[in-house]
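Subject: Structure handover

Hello,

Here is the structure we discussed, for you to look over. My notes on it follow below.

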Amino acid sequence: MPAWSLLEAGRDPRLREQMFDSCVLGVDPGVANLGLAVVARADRKVSLVWAATVRTPSDLAGSSRLRRLADAVGGAIRLDAPDAVAIERLAWNRNQVSALQVARATGAVMVVADRAGLPVEEYGPNEVKIAITGAGNADKHQVRDALVRIHGLRNCPVQADAVDAVAIALTHLMGSRMRAAGRIAGPTRVRSGTR
C-alpha cells in the first residue's frame with residue numbers, strides 16, 4: 001500500500017467536497033518522520049483538513065526512504081490540490097548528521113512540489129512559533145495549545161511532526177493574506193514637501 005494512501009484514513013470526506021479560498025500543504029521535513037498537514041481557509045474561517053506523520057523504516061536504503069516520502073507528498077498534492085507548499089526551513093545549528101537527513105527530505109519535497117507546479121515557501125522554526133504563539137521560544141506543547149485555543153483547530157493531532165506541519169501551513173496562510181493585501185495596495189508614493 002502506498003504511503004500516501006494511508007493519509008486518507010485521517011481525513012474528513014466532507015471537507016474534500018468544499019471549496020476553499022486557499023489551501024496549503026504544510027511539511028515538517030525529516031527522513032524517519034515527515035509531518036504533513038493540509039490547512040484551508042474558506043471566507044475567513046481556517047480549518048484543518050487533515051494531518052499525519054509519515055514514517056519510514058530505518059532498515060530501508062536512504063533512496064527508498066526518500067521515495068516513500070516523495071510518494072506521500074505527491075499523494076497529498078493529488079488528493080487535496082493545495083495552492084502552495086509550506087515547509088520548515090532547516091536549522092543548521094542542530095546535529096550535522098540529522099541536518100543532512102532533513103536537507104535530503106526537504107529537497108525531495110521541493111522537487112515533488114515543483115513538478116506539481118506549486119510554489120514552495122520556507123519558514124524558520126522561530127518564525128512559525130512567533131506566528132502561532134506570539135513567542136519565539138515556545139515549546140511544542142505551547143504551539144499545539146495555541147493551534148487549538150487561539151486558532152480554533154480543535155482536531156489538531158498530538159504527534160509532534162504532524163503538529164509542526166499544521167503550524168507551518170497556518171503560518172503560510174496567515175502570511176498569504178498580508179502578501180495579498182500588499183499586492184492589492186500596490187506601491188506607495190511618497191510626495192516631496194516642495195512643489
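The structure holds four salt bridges. Please keep in mind that this is a predicted model.

Salt bridges

Asp71 pairs with Arg67, and their closest N and O atoms are 3.7 Å apart. Both residues sit in helix α2, separated by four residues, about one turn of the helix. Asp71 is partly exposed at 34% relative accessibility, and Arg67 is partly exposed as well, at 47%.

The closest N and O atoms of Arg89 and Glu127 are 3.9 Å apart. Arg89 has a relative accessible area of 38%, which makes it partly exposed; Glu127, at 39%, is partly exposed too.

Arg149 bridges to Asp145, with the closest N and O atoms 3.1 Å apart. These two residues lie in helix α5 (residues 140-149), four residues apart, again about one turn of the helix. Arg149 counts as exposed because its relative accessible area, 65%, is over 50%. Asp145 is partly exposed, with 32% relative accessibility.

Nonpolar cores

The largest nonpolar core has 25 residues, of which Leu25, Val27, Leu34, Leu36, Val73 and Val85 touch the most other members. Two or more residues each come from β1 (22-28), β2 (33-42), β3 (45-55), α2 (62-80), β4 (84-88) and α3 (96-115). The biggest contribution to this core is from α2, which gives six residues. Apart from this core there is another, of 23 residues, including Ala146, Val163, Val166 and Ala169.

Which residues does Leu34 contact, leaving aside its neighbours within four places in sequence? Leu34 is in contact with Val27, Asp28, Pro29, Ala52, Thr53, Val54, Leu69, Val73 and Val109.

Cysteines

Cys23 is buried, since its relative accessibility of 5% is under 20%. Cys156 is also buried, with a relative accessible area of 5%. A disulfide is a covalent bond between the sulfur atoms of two cysteines. With the cut-off for a pair of cysteine sulfur atoms set at within 2.5 Å, the count of disulfides comes to zero.

Regards

Note on methods:
Residues numbered from 1 in each chain as written. Predicted model: local features only at pLDDT ≥ 70, side-chain atom pairs only at ≥ 80, totals over all residues. Heavy atoms only, no water. Buried < 20%, exposed > 50% of the residue type's maximum accessible area, 1.4 Å probe, protein only. Core = buried A, V, L, I, M, F, W, Y, C linked by side-chain atoms within 4.5 Å. Contact = heavy atoms within 4.5 Å. Salt bridge = Lys/Arg side-chain N within 4 Å of Asp/Glu carboxyl O.
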